[in-house]
Amino acid sequence: MKNSNYQRVKAIISLVVFSIILWISFGPIQLGGPVSYIIISGNSMEPGFYEGDLIVARQYPSYQVNQQVVYDHPDIGFVFHRIVDQDQNGFILKGDHNDWLDSYQPTDIDILGKYWFMIPGAGELIRTIREPVNFVLFVVILLGVVISLFLFQKENVHRHIKGYKRRMIEKQNPKSTGNIRQELLLYLGIIATAALVLAVISFIKPKTILVADDIYYKHQGRLVYSASNVGGVYDLAGIKTGDPIYPELNCKMDLDFSYQFSSMSLEKDEKESLANTITVTAILSDDDGWNRSFLLIPEYAFTGTSIKGHSPLNICKILELIEHKELKTGAEIRFYTLSIHPEVYISGTIGGIPVQDTFAPNINFDLGQTVLRFSGENGGFEPELEGSLPQTAEMSNYFLVFGRQVDVTFGRRLSMIVLGMSLLGAIYPAWSLMQEWGRSNSSRIQIQHQPLLIDIKSGSLKKQGQKIIEVTDFEDLRKIAERYGALIMHEDRGEKHLYAVQDEGILYQYLMDNSLDSNQKESLPEVKKKPSETKEKKGSK
């Protein structure tokens with residue numbers, strides 16, 4: 001029973017190790033694995049991939065521009081396209097055959113995996129099998145195969161009966177102590193194989209990878225205007241930002257524009273060394289394309305990340321210009337656009353990378369003969385603009401094991417340590433088995449055929465009433481044991497070893513003498529003849 005249990009343990013451990021390797025390699029992401037399977041639909045990735053191809057993609061810790069990836073679109077589902085760019089909102093993707101960019105920008109969380117390999121036409125086969133008629137036919141064929149295997153197994157029931165006999169012999173006789181060294185070598189071999197797989201995965205990947213680590217920065221502006229409340233038309237004592245201004249009551253307004261530059265990567269010395277300029281202009285224009293500019297704040301140089309500017313604006317003078325223009329052209333327009341146009345130029349470094357950028361928003365007002373009113377949306381007085389500097393950073397590479405990230409360097413060290421310890425642990429049992437292998441023929445039999453052997457006490461083998469058949473070679477005895485599903489009983493007689501197989505009143509036996517130079521069978525003692533037989537022989541003389 002102990003030997004059969006060992007065999008079961010071996011089979012279970014091998015199956016578990018194989019299943020783990022198979023899962024790590026091909027486990028579907030829907031069931032928690034690292035691999036996505038997608039069938040190409042459409043021509044967006046031609047000529048590299050065609051409709052009906054099956055794409056297999058693996059998860060990675062990070063993704064780069066120009067990689068072909070599968071991502072989960074909230075409306076469409078799985079999409080297989082190429083990364084063409086990246087910004088602060090996520091990745092920008094595009095089909096190789098398309099002339100437009102994908103509208104959805106996935107992040108690392110949305111991306112399911114990078115292209116691993118492709119099976120041409122396999123997706124079309126899967127689609128065909130999914131058809132109701134084909135699926136029923138497939139299930140019928142599968143059931144037919146299973147039933148055939150079952151019927152075939154029934155023809156070999158006698159093998160199960162022999163196995164039952166073997167188990168009964170194990171129960172009726174003392175159990176073999178087995179050879180723990182072989183079992184130890186088996187387990188160490190399994191551990192070493194797992195470590196070797198880990199080492200292969202770790203060493204085929206680079207220790208570090210270059211990933212996009214763009215530096216992001218932001219321009220922020222804020223326009224505030226005010227004027228006196230002439231005539232008591234407004235609730236408050238003064239006109240505030242957002243209120244309309246009526247030239248009949250007040251022609252003059254005060255403009256204040258503030259600017260702020262920010263970046264998480266900006267060092268203190270870099271903030272102080274930024275060399276910048278600011279200019280604020282008012283631009284009057286109409287729908288026909290005519291425009292005039294008024295300089296509110298001349299170009300002013302400043303350092304640092306922020307600046308504030310103030311300028312008065314006379315609305316009545318602008319209306320006089322409009323009246324003069326309409327008088328000369330004869331074109332009367334109800335409303336003109338008055339844009340406050342700040343322009344900030346930034347120059348310096350962020351995180352050691354040079355930056356030169358311009359922030360030039362337009363804050364628009366509608367201007368007519370009777371009113372000046374803001375024409376933008378809420379929040380339009382605080383324009384913002386984000387920018388980025390392309391940069392790559394070196395980071396530790398990872399691979400996935402059961403959905404968890406494992407550092408490549410750690411994987412290399414762990415695999416080498418486990419592999420080394422497994423090999424060191426195998427030295428003694430392997431050496432001792434080799435020593436025992438060369439010691440005697442019985443030792444070789446014990447090592448080579450240990451699962452089939454069961455040790456019994458000397459003299460416990462009962463031969464009365466049994467037909468004894470001697471075999472000339474141990475291999476023949478082994479074949480008999482396998483044929484009848486029986487164990488080989490082993491009786492240690494010092495220099496001599498008796499091996500026997502018992503089945504239905506017949507005892508097959510082989511006697512080995514280790515004192516002989518070669519494998520020779522020792523003749524068993526002759527059976528004493530009956531006195532009647534002796535007399536008959538004498539009489540015949």
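Q: Which backbone oxygen does the side chain of Asn250 reach?
A: The backbone oxygen of Ser228, at 2.8 Å. A polar contact is a pair of N or O atoms within 3.5 Å; within protein, one must be able to donate a hydrogen and the other to accept it, and residues adjacent in sequence count only if both atoms are side-chain atoms.

Q: What kind of model is this?
A: It is a predicted model: local features need pLDDT of at least 70 and side-chain atom pairs count only at pLDDT 80 or more, while totals for chains, interfaces and linings use all residues. Residues are numbered from 1 along each chain as its sequence is written, and side-chain values use heavy atoms, leaving out hydrogens and water.

Q: Back to Asn250. Where does Asn250 lie?
A: In the loop between strand 9 (238-239) and strand 10 (252-262). Strands (E, at least two residues) and helices (H or I, at least four) are DSSP runs, numbered from the N terminus.

Q: Is Asn250 buried or exposed?
A: Asn250 counts as buried, at 11% relative accessibility. Buried means under 20% relative accessible area, exposed over 50%, and partly exposed in between (1.4 Å probe, protein chains only).

Q: How do the side chains go along strand 10?
A: They alternate. Met253, Leu255, Phe257, Tyr259 and Phe261 point to one face and are buried.

Q: New topic: strand 14. How many bridges join strand 14 to strand 15?
A: 7, with strand 14 and strand 15 (residues 353-359) running antiparallel. Ile350 stands opposite Ile353 in strand 15.

Q: Which residue takes a positive phi in the hairpin of strand 14 and strand 15?
A: Gly351, with a phi near 60°. That hairpin has 2 residues between the strands.

Q: How many bridges pair strand 11 with strand 14?
A: 9 bridges, antiparallel, between strand 11 (residues 275-285) and strand 14 (residues 336-350). Here Thr279 has Glu343 as its bridge partner. Strand 14 also pairs with strand 16 (residues 363-367), over 5 antiparallel bridges.

Q: Which residue in strand 6 stands opposite Ile55?
A: Met118. Strand 2 (residues 54-58) and strand 6 (residues 111-119) are joined by 5 bridges.

Q: On to helices. At what angle do the axes of helix 5 and helix 8 cross?
A: At roughly 155°, and the axes come within 8 Å. Axes are lines fitted to C-alpha atoms, for helices over the stretch in contact, and angles run from 0 to 180 degrees between N-to-C directions. Helix 5 and helix 8 are therefore roughly antiparallel to each other. Angles over 145 degrees count as roughly antiparallel, under 35 as roughly parallel, 65 to 115 as roughly perpendicular and the rest as oblique.

Q: Which residues does their contact use: how many nonpolar, polar and charged?
A: The contact of helix 5 with helix 8 has 19 nonpolar, 7 polar and 3 charged residues. Ala, Val, Leu, Ile, Met, Phe, Trp, Tyr, Cys and Pro count as nonpolar, Asp, Glu, Lys and Arg as charged, and the others, Gly among them, as polar.

Q: Last one: which side chain does Ser443 join in a polar contact?
A: The side chain of Ser440, at 2.9 Å. Ser443 is placed in helix 9 (residues 441-448) and is buried, with a relative accessible area of 9%.

Methods
Pairing = 2+ DSSP bridges.
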